[in-house]
Number of protein chains: 2
Amino acid sequence: MTPDKKSNLSLFFEPRSIAVFGSMKEPLGEGITAMRNLLDFGFRGRVYPISRSNAEVLGVRAYPTVDAVDEPIDLAFVITPPRTILAIIEQCGRKGIKAAIVATEGFAETGPDGARLQRELVETAHGFGMRLLGPNTLGVLNTAHGLVTGAYRYGSNKPPIGGVSYCSQTGFLTFGVHPIRDLGHPISKICDFGNKCDLNEADLLPYLADDPSTNVICMHLEDIKDGDRFSRAAREAVARKPVLVLKPGRSEAGARAASSHTGSLAGDDLIYENAFKQAGVIRLRTWREYWDIPKALSLQSFPKGNRVAIITATGGAGVMLIDAAAEAGLVAAAFTPLTRNQLGTISPRLANNPVDVGPLMSLRDAPFTIYEEVVPLVLSDPNVDCMTIVCHFGQPIVKVLTGLAPQISKTGKPVTVFGYGIDLPDMQKSAREIEALGLPAYLDLETAVKALAVGAAYSRMRDGLAEGTR
Amino acid sequence: MTPDKKSNLSLFFEPRSIAVFGSMKEPLGEGITAMRNLLDFGFRGRVYPISRSNAEVLGVRAYPTVDAVDEPIDLAFVITPPRTILAIIEQCGRKGIKAAIVATEGFAETGPDGARLQRELVETAHGFGMRLLGPNTLGVLNTAHGLVTGAYRYGSNKPPIGGVSYCSQTGFLTFGVHPIRDLGHPISKICDFGNKCDLNEADLLPYLADDPSTNVICMHLEDIKDGDRFSRAAREAVARKPVLVLKPGRSEAGARAASSHTGSLAGDDLIYENAFKQAGVIRLRTWREYWDIPKALSLQSFPKGNRVAIITATGGAGVMLIDAAAEAGLVAAAFTPLTRNQLGTISPRLANNPVDVGPLMSLRDAPFTIYEEVVPLVLSDPNVDCMTIVCHFGQPIVKVLTGLAPQISKTGKPVTVFGYGIDLPDMQKSAREIEALGLPAYLDLETAVKALAVGAAYSRMRDGLAEGTR
């Protein structure tokens, strides 16, 4: 029986009900921890803890088996020892469950015995038309549904509901061990592929491309299971939304390490590089880019060209940003004579890009009001496609940007904000407040322009694809 | 009269007394703000506020002119309007003051009139054998002396006393607007060159090379005033301690922006690149590298070779670090058979580099104890020159590293730590605690190995210089 590939995926991300298999022992049993995470996140569906020894778990009625549950169950989350898994999957299959996340470690990643067990797992599941995520995975997260799986505690680590969906081959690049709440990442869905015994990147791409809650797809891949299917799926997804990929193994040593980590051949990096290019997938290079660039593409539109304006309170940062912009594929916008004249009437020292407003600020009683004049003026220049604003993070700029945000939004041109200051908690607070206005905020200088460059690259790419299909 | 170039510099960084010129009006007068900063930082010398309208300022006796002060004065800090500066410098010169920081803006950076005034300023000062820092500068900071100048409030933004000395051509890359305290940067001295009317990089290099409190020199330069003198000074400094330089203007657009910012020609980047190489200066590329790499070289010794070991609780991070290491010029260490055997007795899955301890951690009651076994074992391998440890930041790893730090230190091999987690304030707290043990801690993945690579590059460079002089 071949599982229905498409319809089943929503069972993983939008299940109406979940059965949880795992130790329900307080305080740290894997099952009860998974239950606690679901309750903390405010899961919108019904939860059925499966336990022979408990009548209830955390106030939720427990069942000795899934058969004892009267209602249908959409998803099973399983974190029990490897030797117990096949029987549980059979039990779930007989109940009619069509989706299961096997979180347990100890399969293909441990050697031949584990690999054999993993094959049996897949055969058993597919025999019931059931799809599998994992094994060796944290599972999934869906902010809109209060859904989170996994057996580590991340109680309150729930990010704001947003448009970025992440898929990763390591829990390290998912919700498991990143401060996604504190950093305010605007998240739709997150998926940890684990060993990819069944579901992989080529399955997730069409699902996320169709998903109206996702507007940016960002993946971490150490290998690609089916190159042709991935390329087709990526090309179709890219026509609709940006697909960004962090693919380590760029160096030979890195490729060897990847192959030892995932157990599959990482392959020649050049082949991946070309495949990504052909599919219109944009490749990210660093951990920071993986986390910090997607939000800019999610919160704003894409630059229609590659001409960037920098408005800065410090000339030194302006110079560095122009350098970083050039290296990322942007060019410093050359303002129209009209803009130069208008800037000149504010001050003769303002006509150039980067626009260094610093010296003027010290002459004003309300220094930050200079941004209110300069930002709309420069952003409306037809030679400007996008902008980075550099400012001291704190209440004054939050107030000014609160006023400017609607005007910025109206221009349809993306703007990122890089902030500095002397009080780190204060800066982080300002960053979150600025992002609540829809403006991506950065505490890392180069990333603020790199994010615009990736948006511009996507915009160019998509136009190219549209061109090609005419 | 030619000022004595060398002896005067200690007057800027270790003055026994400072005269402060500037508005003493509460709450935000520039003079009183400078005074407040000095008192907050616990300046070790005497302070003389110069004010005709106040008998005292913040409880400190004020004087109408410097002549009224009986004792000798080492340094003048001046932040008064441009038109008043020459008279003040004359007054200071007559008093015998040999060092002055002119913080005031409005000189060469504003055009020909300002440039003329700046030339007069230099002539006046040099007429008295007085050296000048600035104008248009925040001035200096010296952690060991509680010295800080400048007219912005940074009250408690005082970093720990350490070995890194920063010099920058923009206040943005000094103490003015970076959370150096919250980020725990181990600082010796910081200098904002401002317009470099007199003191510049070629003066600071020999002073900092001689300074026993400085073990790493890190500079931000938009231009270099005297290429030959800089090269000689840099070469001599590099023989004694690392000299790192962030030089924007790598792109043509960036060079243009720099030239418009500093008013001087930035020049062809290739010329700088070659000059740095010949002098043994290591070039940094980004804002983050400028802030985060020097501390690693300051807290630890330099790798004797370029072979790095990665000990990680997450295989995914290990792969990415090997990639980043290769791109930064390191190679993944190939362990000796002895090390492989010893690792194998802990677990057959441990023999490779990166050493992924993650799967073993989940099998232990005290998961972090695995680091106690693996770190010393791998670090003592003769094929390993340096190491990055990847771990969940929190109390367990701080405890383990507290025990390991003396052993690590004994090997003489540098170790950096990259940490992850879900609670950002908690991670930042752990990072500071780990650095208090002498281990540089990072919340940015690639920087953790890049720092080792820069140390290894310096080590190679220095050996090359020693070779050349034989």
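Which residues does Lys196(A) touch, not counting residues up to four places away in sequence? They are Gly134(A), Gln169(A), Glu201(A), Leu221(A), Asp223(A) and Lys225(A), where contact means heavy atoms within 4.5 Å. Before going on, some housekeeping: this is a predicted model, in which local features need pLDDT of at least 70 and side-chain atom pairs count only at pLDDT 80 or more, while totals for chains, interfaces and linings use all residues. Residues are numbered from 1 along each chain as its sequence is written, chains are lettered from A in the order in which they are written, and side-chain values use heavy atoms, with hydrogens and water left out.

Back to Lys196(A). You'll find Lys196(A) in the loop between strand S11 (187–192) and helix H5 (201–210) of chain A; helices (H or I, at least four residues) and strands (E, at least two) are DSSP runs, numbered from the N terminus. Lys196(A) has 4% relative accessibility, so it counts as buried. The cut-offs there are under 20% relative accessible area for buried, over 50% for exposed, and partly exposed in between (1.4 Å probe, protein chains only). The side chain of Lys196(A) also makes a polar contact of 2.7 Å with that of Glu201(A). A polar contact is a pair of N or O atoms within 3.5 Å; within protein, one must be able to donate a hydrogen and the other to accept it, and residues adjacent in sequence count only if both atoms are side-chain atoms.

Glu26(A) and Pro27(A) are joined by a cis peptide bond, with omega about -5°, and Pro27(A) sits in the loop between strand S1 (17–22) and helix H2 (30–41) of chain A. In chain B, the bond from Glu26(B) to Pro27(B) is cis as well, with omega near -5°. Leu58(A) is not a glycine, yet has a positive phi, near 50°. Leu58(A) is in the loop between S3 and strand S4 (60–61) of chain A and, at 32% relative accessibility, counts as partly exposed. Asn136(A) has a positive phi too, near 65°, and lies in the loop between strand S7 (131–133) and strand S8 (140–142) of chain A.

Next, zoom out to the pair of chains.

How do the chains meet? Four salt bridges cross the interface, each a side-chain nitrogen of Lys or Arg within 4 Å of a carboxyl oxygen of Asp or Glu. One of the salt bridges joins Arg250(B) to Glu327(A) (2.6 Å, N to O).
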